[in-house]
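This report looks at a predicted model. Please have the sequence and the coordinates open while reading.

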Amino acid sequence: MKRIGVCFFAILFFFSLTAQAQTITVGFTVSKTGALNVDSTEQYNGFELWRDQVNAKGGIKAGGKSYRIKFASYDDESQAKRVQQLYSRLILEDKADYLFSPYSSGLTTTASIVSEQYGKVMLTTGAADEKTYRQGNKYLFQMFAPATQYLETAIDLLKSKDPKATIAFVYEDHSFSVAVATPAKPYAEQQGFKVVFSEAYPPNTTDFSAILDKVTSSKATVLLGGGHYADGSTLARQLFARKAKMNMVTVLVAPDSPKWTELGDAAVGICVPSQWEPQVSVKPQFGPTVAEFNKAYTAKYNMEPSYESAGGYAAGLVLQYAIEKAGSLDSEKVAGVLNGLDATTFYGRTKFATDSKEHGLQLGHSMVIAQWQKKGGKLTKEVVWPLANKSSNLVYPMQ
Amino acid sequence: MGGILASMIDGLLVGSVYGLAAMGLSLIWGVMDVINLTHGSMIALGMFGMYMLFAAFSTNAYILLLPVIVGGLVLGVIVYWMSVHWVVGRPPLMSLLSTFAVNMMVIGIGTIIWSTSPYNVNFSLPGITVGAYTFTGNHIAAAISAVVVALALELFLFRTRTGKAIRAVAQNRDAAELMGISSTAVLATAFGIGIALAATSGALVSTLFPFTILSGGVYELKSFVVTVLAGLGKPLGALVAGVLLGLLEGLVSPFIAVSWVPLIEFGLFVVVLVFFPRGIFARANA
């Protein structure tokens, strides 16, 4: 009887080991609470859709085996100190094989210190600040186009429409938005624009009265800035409530969320630099087409995907491609495939810098500018720049 | 010059809401020597109270202040019996810990119910445009509402029997009891009124800015600055000090980055604590 018991447990142990070996654990944190909640949740939806689709098809195939994807994730409360603890936990206790970044540049910088320490491949999404990739990292790979592209793209659009515009920069005092706005100001001046006002506001700002009074006094005709969903949506609401006379307003991140329509008339005319829009057609080398992704996402979440969602899905897709191509779960081999990657998916082109000075920085992906327009009484987000990808003309002036 | 004036008017309007929030804190401190650390979470509950009422009735948000006031009063009395009654008259640390615990419970439950995503009360009144500057109707209505509620409180404290009893207990609890005033009932009422004021200010803020369950913290901090400016236990002084704080914010904002404004505010807080420990109105009263 005793022998039978020992054999039973030995068999059970063997099967549990086998089951464990056929699972790939991907670890990450999500901002389920805190200021980054909206954007982070959309990114998570992208991860989740990818996982469910891959598992439904039998998992990731590498080295003659199939691996189901298992997530290990925690709420980082939108706080860097939580990220530091939780990424250590994901690696040491949850034994994550690979990592996705948290949402936002600030949190990702913190997470990357831990991931590099343990030599874990981490695909970053929702983390555009270039600075993170200039720290001598080896296993960090950026899915988003770098921060400098955000407003420079908007300035290019503005130059094509109104080269005599006067610009006010109003942006969140956060690593991402500072990384976007800092190079955008000299770029705007190089393009011949007059920057008449520039000020950063603290994260979690809800009252923009003082800043908007200053923007009005500066006689700016264009406002560029914002930060994340909470502050960006508030800024747009207050611009509308205060009847600020702007010809163009470009707000970072926030207007890309499907929640933007909740702003009603305050949403109309606002532009957003976007990493991905469903109107931009590409021929993917692997993974779903734009239409397939859009359809699956909308069916699952009952809302349109934002670029954070697309970025989340694309991070999974690229990781899957790298593991399958490497034929192994070995981090070095997977990182090697990622280093040599130059491919197009539904999300656009992906190519990572391999130069040690900026390893992992995204070189292939490019951004578009979308604008919320009212058509037939309904709010729609249209691609207005670059002209080759436009789905509608820019409404300028916006009012 | 127009920009400075506009900024000052904006500061003045929002300052009256700061004042109303601080009145609740000041009243509770003055009557029962309790620093109420549930203040921020009660402001946040006022915001969500307004949000839910507006979602249910879709009427003028400022009419919905009445149920918020009543709800705040009832909630305040419940919180008093839960956590404050047992620590009144004991070392200040006891009431600090007790109210802090309630604060954490409210925030925890609120996070479960509403998460920490931002909410908005989608109600707007037409504003007034002067030149290039527009003052929103909501700011004006919130400021008027705050002043009306503050004056109603002052009338209540000075013209009604219960109000006089609250003032009597605040001045000398033992003597008030000797005169036949039930200090327990008075303390519960005063705490209820303090929470009602906090909830009302939260409801007013919800008509101006987006909010989360954590948003009360900002106004709690401002309430402390305003209460110290006014002198602890001076509700009407708190309203005036709140308006002054808003005015100061409006006055300095055109000249410095908004990130520096809290530094000015808390610098002032320290200066007042050092040089006017009884508040800026203490000398005038003396």
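## Conventions

Residues are numbered from 1 along each chain as its sequence is written, while chains are lettered from A and ligands numbered from 1 in the order in which they are written. In this predicted model local features need pLDDT of at least 70 and side-chain atom pairs count only at pLDDT 80 or more, whereas totals for chains, interfaces and linings use all residues.

## The sheet in chain A

Chain A holds an open sheet of six strands with mixed pairing, in the order E2-E3-E1-E4-E5-E6. Strands (E, at least two residues) and helices (H or I, at least four) are DSSP runs numbered from the N terminus, and two strands pair if DSSP finds at least two bridges between them. E2 (60–62) and E6 (140–142) of chain A are at the edges with a single partner strand each, so one side of each lacks a neighbour in the sheet. On average, neighbouring strands of this sheet are turned by 30 degrees against each other, direction ignored.

E1 (residues 23–30) and E3 (residues 65–75) of chain A run parallel and are joined by eight bridges. One pairing is that of A:Thr25 with A:Lys70 in E3(A).

## Helices on the sheet

H2(A) packs on the sheet and touches E1, E2, E3 and E4 (98–100) of chain A; its direction makes about 160 degrees with that of E3(A). H3 (residues 80–92) of chain A also packs on the sheet, touching E1, E3 and E4 of chain A, and its direction makes about 175 degrees with that of E1(A). Axes are lines fitted to C-alpha atoms, for helices over the stretch in contact, and angles run from 0 to 180 degrees between N-to-C directions.

## Contact with chain B

In chain A, 23 residues are in contact with 25 residues of chain B (C-beta atoms, placed from the backbone, within 7 Å). H7(A) gives the largest share of the chain A side, seven residues.

Notes:
Contact = placed C-beta atoms within 7 Å.
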